[in-house]
Each structure stands twice: as structure tokens, then as C-alpha cells.
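Please look at the chain below and follow it from its strands to its helices. The paragraphs after it take the parts in turn.

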Amino acid sequence: MAVDLTPEQELLRDNVRRFMERRVAPVINAHEVAKTFPFEILGELAEFGYLGGRLPESDGGFGLDYVTWGMLLEQSGYYWMSLRTLVNITNGAINRLHAYGTPEQRERFMLPLLENRRRACFGLTEPDTGSNAAGVQARADRKGDTYVLNGRKMWITNGANADFAIIIARTFSPDCDGGLSAFIVEREVSHYDVRPLDTMVLRCTGTAELGFSDVVIPRENLLGEEGGAFKNVLKGLNAARVNIAMGAVGAAQAALDLSVDYAKARKQFGRPIGSFQLIQKHIVDMTIRTEAARALAYNAATALDRGRDARTECSIAKLYATEAAHEVANMALQVHGGMGYSTDYPIERIFRDTRGGMIPEGTTEIQTLIAGREILGLSALT
């Protein structure tokens, strides 16, 4: 669909595309093979608003609205889902530090992220805790001027690369009896174990398991109030779901564009395969799903820009866009035939990476239950 972007948004989009073609596209395959990520690119993308884009200009950001921010994530998803994911993780840490950090924490941790001098991750998920964030078992006990952290965090994006982690843990102190709190845990100061994990999707994002055994954290590294982390995590979920939806739209569009080009160029039986009815059926179905996903994603971003809670819009957008992107990638692989299996060609990577979007920030099943609760006024979760 032709999203009604302003002239300024269109100029930004076009400049980003030129940068991605010149700087990102040529290096993707080498990093996919090595399972590494070129973090210097994040610094180069900062001029377009990819670091701190949603922050006020007075605090080092760009003051972008959700539609513009979503457009940036769509473009990063178009070229490389690992890039979109690390943009999201880095900005998640930036936004949390801006919202809940002390001036000293912003100076020590947020500013280096904005300048691409440090790397961060966010630790909520545990081996036995995924969709139910309230089930976190990692424990932080206050002892004098420190906290002692014990527990494990699983499937932590950028965990293998991060200089510090923002960890959610159940907290016990004279002022908090088991509420969830957030802690900034510095890898070189409060040493913790990091075990890199190989995954089918997003191979360049440094996914890891983090282990904490009597890890001592300075009291000044408490982020926000004791016991206040659960509501703060929930506050950011709607925007995070739109972020994933936008990236999925970009990946779907990439798979569609590649398929259209291939269907025109590839010949069988003396004619382009795009002239065959069943190939055209695939292309049309792919287009429908991509257009619908884009409409839902931008609708959710617009709702957030208008100050609405937008739980329904964000959950539906995340649910549909991630499912649709993988369906489009699956059809793209069918259009490409054997070529689609090749790791030298983008379709194989897009097929894998689009599958990953259905799980983080609430699985497809959880999004369905959230939307059902909002529509019916009846909860199936409790």
C-alpha cells in the first residue's frame, strides 16, 4: 500500500535505503556465515535516527513519532532482520534508561549506547518463564549497599556481546517482598556467566544464556524503584510489538520483491515462470499478505501516535504481520525452487528469520488471547 508519508519521511526513507544498499547489503552474507554482527554500522545509522530515535531532542534523541520510527524498522527488516533486532534491543535499553534511570545512570549507560560505545541486552525470559512475565524466579537480595543476584536468563538477544545487561529479578529487601525490579548488571564489574546459543533464526544477534551465582550488584545500579519493574515492562510491550510487526513487513516486502524479479527472469518451457498461473497465484497471495500486514502495522503506529493505549491494534499487528511474513517467505521459497535453498541467496535467510518473529514480545497464541480479551471483555489468561 502507499502509506501516506510526509515529504520529510519519504526523504529519510530514501536516504536510508541508499545507505542500506551501499553499506549493509554487501556484508550480510559474510556475517551470516561467521555468526557475527558489524556493530560499527549501528553508529553509522545513528545519523538517521536509529539510536535514540524516540527520545526527545533535548536528551540526545530525534523526537521521532511512531510512524517514522516504524518506517525505519521496516527498512532495516527489509535488508536484514538481525539488524532490525539489534536496533530494537539497543533502543529498548536506551528507552528504559531514559524513562527510569537517574541522571548518573543516563550518563554512565545511556549516553554510551547513543554513541555506540557500549552494548546492552535485556534479561526477562528464563528457562521456565516466557510469556508469563510475572513468573520470573531470578532473585536479588539486598545486603547493605549491594544486591546479590541469583538465577538464569534464557534466549537473551545480544547477551553474548553485551557490556551490561538490564536484568529483571524478584527482589527481597526491607522495602520489597518479592516484587520485580530492574538492575543494571555490568559484565566486567558484576561478573556473570555467558553461554552463547546457536539458533535457527537471527544467527548474528548474539543470543545467549546468562547465569548469575551470588553476583554482587552495587545498590546504585537499581534501575527505577524496587518492585516497579513489572508494570514498567508491560508499559513498553505495545510499542515493542509494533517494532516487530514493522520489521516483519519489511522482510515480507523483500521476499516479495525478490520473487517478482525472479519470476520475470527465470524461464522454463521457453517462457518466464511468472507467466504461469500458479506462480502468479503465489505472487498475488504474497502481495495481499504484505499489504495487509503493512496496513495493520501502520494503523497500530498511528494509534500510538494519537495517544491511544492501542493494545488491540498492536497485538493484531504483531500477530498478523509475523505470521504473514513467514507465509510470504514460504511462498517465495516455492517460487525460487531449488535456488531458494541456497545460503548464497537471501530467501533462505528470510525464511528462517521470519519464523523468529512469532515468539518474542508475546507469542502468536498470547497475542490472540490479548486481542480476544480486548474485543470481548473476557480474559482467557486468568
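Strand 2 (residues 139-143) and strand 3 (residues 146-156) run antiparallel and are joined by 5 bridges. Two strands count as paired if DSSP finds at least two bridges between them. Helices (H or I, at least four residues) and strands (E, at least two) are DSSP runs, numbered from the N terminus.

The model is a predicted one, in which local features need pLDDT of at least 70 and side-chain atom pairs count only at pLDDT 80 or more, while totals for chains, interfaces and linings use all residues. Residues are numbered from 1 along each chain as its sequence is written, and side-chain values use heavy atoms, with hydrogens and water left out.

Strand 2 also pairs with strand 4 (residues 164-173); these two run parallel and are joined by 3 bridges. Here D141 has F172 of strand 4 as its bridge partner. In a regular strand, side chains alternate between the two faces of the sheet.

UniProt places the feature "domain: Acyl-CoA oxidase/dehydrogenase middle" (unreviewed entry) at residues 121-215. UniProt positions are given in the numbering used here, feature names are shortened, and annotations may be inferred rather than shown by experiment. Over residues 121-215 the chain is 55% strand and 0% helix, and the end C-alpha atoms are 17 Å apart.

The next annotated span has another make-up. The UniProt annotation "domain: Acyl-CoA dehydrogenase/oxidase N-terminal" (unreviewed entry) covers residues 6-115. That span is 70% helix and 0% strand, with its end C-alpha atoms 28 Å apart.

How are two packed helices described? The angle between their axes and the distance between the axes are used. Axes are lines fitted to C-alpha atoms, for helices over the stretch in contact, and angles run from 0 to 180 degrees between N-to-C directions. Helix 5 (residues 81-100) packs with helix 6 (residues 103-114) at an angle of about 150 degrees, their axes being 9 Å apart. That makes helix 5 roughly antiparallel to helix 6 (angles under 35 degrees count as roughly parallel, over 145 as roughly antiparallel, 65 to 115 as roughly perpendicular and the rest as oblique). The contact (heavy atoms within 4.5 Å) includes T90, A93 and I94 of helix 5 and Q105, R106 and F109 of helix 6. By class, this contact of helix 5 with helix 6 has 8 nonpolar, 3 polar and 1 charged residues. Ala, Val, Leu, Ile, Met, Phe, Trp, Tyr, Cys and Pro count as nonpolar, Asp, Glu, Lys and Arg as charged, and the others, Gly among them, as polar.

Helix 5 also packs with helix 8 (residues 237-265), at an angle of about 165 degrees and with the axes 10 Å apart. Helix 5 and helix 8 are therefore roughly antiparallel. M81, R84 and N88 of helix 5 meet N243, I244, G247, A248 and A251 of helix 8.

UniProt places the feature "domain: Acyl-CoA dehydrogenase/oxidase C-terminal" (unreviewed entry) at residues 230-375. The span is 77% helix and 3% strand, and its end C-alpha atoms lie 24 Å apart. Helix 10 (residues 311-336) and helix 11 (residues 346-355) pack at about 155 degrees, with their axes 8 Å apart.
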